[in-house]
Amino acid sequence: RLTQLREEMARRGIDALLVQAAAPGRGARDDSGDGRFASADVWERIARTTAQLYGIYVALCNRSGVEGAVTFAGGSLVAGPDGSILARAGDRGEEVLSVELTRGALRAARRPYSHERDDDPGLVMRELARGLAEGP
């Protein structure tokens, strides 16, 4: 369902997606030495991929701190429409990120990755229906 929601928003021409999360930290990263949770890498990849795939800004706002037995991973970030990380908060405590979002960056990122612009869902549905009707 989340994929369908993102695709629908992209078709409607959104420029930015704000993701509010309360993701607990999971796993230890052995290779970094920076103390970040391994799950932070997964969230970053999701944000960067979504941003680049749809040519939008993605602001991932993740809860930080501890409540009961749960430690929240923090690490909020803003991904640019080209998939780059424009800003990243620390993993501990609250932090405000300030990032300038420009339409020029949106246009530049959307030029080579025009999947949503070039896609014709009606054509895809008609061809799938035709193929199913014809059988193997």
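## Exercises on core, cavity and pocket

Of the 136 residues in the protein chain, 29% count as buried (under 20% relative accessible area with a 1.4 Å probe, protein chains only; exposed is over 50%, partly exposed in between). This is a predicted model, where local features need pLDDT of at least 70 and side-chain atom pairs count only at pLDDT 80 or more, while totals for chains, interfaces and linings use all residues. Residues are numbered from 1 along each chain as its sequence is written, and side-chain values use heavy atoms, with hydrogens and water left out.

**Exercise 1.** Work out which pattern the protein chain follows along the sequence.

*Solution.* Start with the elements: the chain has 5 helices and 6 strands (DSSP runs numbered from the N terminus, H or I of at least four residues for helices, E of at least two for strands). Now read them off in sequence order, and you get α-β-α-β-β-β-β-β-α-α-α. Then look at the contacts (heavy atoms within 4.5 Å): among those with a separation of 6 or more, 54% are between residues 24 or more positions apart.

**Exercise 2.** Find the residues of the largest nonpolar core and the elements that supply them.

*Solution.* First, the rule: a nonpolar core is a set of buried Ala, Val, Leu, Ile, Met, Phe, Trp, Tyr and Cys residues joined through side-chain atoms within 4.5 Å. Applied here, the largest one has 10 residues: Leu17, Ala21, Ala47, Ala51, Tyr54, Ile56, Val58, Leu60, Leu77 and Ala79. Next, sort by element: strand E1 (16–21), helix H2 (38–54), E2 and E5 each give at least two residues to this core. H2 gives the most, with 3. Finally, zoom in on alanine 51: setting aside neighbours within four places in sequence, it touches Ile56, Val58, Ala79, Gly80 and Pro81. As background, nonpolar side chains tend to be buried together in soluble globular proteins.

**Exercise 3.** Find the largest cavity and say what lines it.

*Solution.* Rolling a probe the size of a water molecule over the atoms shows where empty space is left. On a 1 Å grid over the protein atoms alone, a cavity is a set of points where a 1.4 Å probe fits but cannot get out; a pocket is an open set with protein on both sides within 12 Å along at least five of seven lines; lining residues have an atom within 4 Å of a point. The search of the whole structure turns up 1 cavity of 30 Å³ or more, and the largest cavity holds about 40 Å³. Its lining is Ala40, Trp43, Glu44, Leu60, Asn62, Gly74, Gly75 and Leu77. H2 gives the most to this lining, with 3 residues.

Now take asparagine 62, which sits in strand E2. This residue counts as buried because its relative accessibility is 9%. Beyond neighbours within four places in sequence, its contacts are Ala21, Ala22, Ala23, Ala73, Gly74 and Ser76.

**Exercise 4.** Describe the largest pocket: what is its volume, and which residues lie nearest its centre?

*Solution.* The volume is about 310 Å³. Of the 20 lining residues, Cys61, Ser76, Ala89, Glu95 and Leu97 lie nearest the centre. Strands E2 (57–62) and E5 (77–79) each supply at least two lining residues, and E2 has the largest share, 4 residues.

**Exercise 5.** Is arginine 92 buried or exposed?

*Solution.* Locate arginine 92 in the loop between strand E6 (85–88) and helix H3 (103–110). With a relative accessible area of 66%, arginine 92 is exposed. Arginine 92 and alanine 73 are 19 residues apart in sequence and 7.8 Å apart in space, C-alpha to C-alpha.

How values were computed
Grid points are joined across faces, edges and corners, and a volume is the space filled by probe spheres set on the points.
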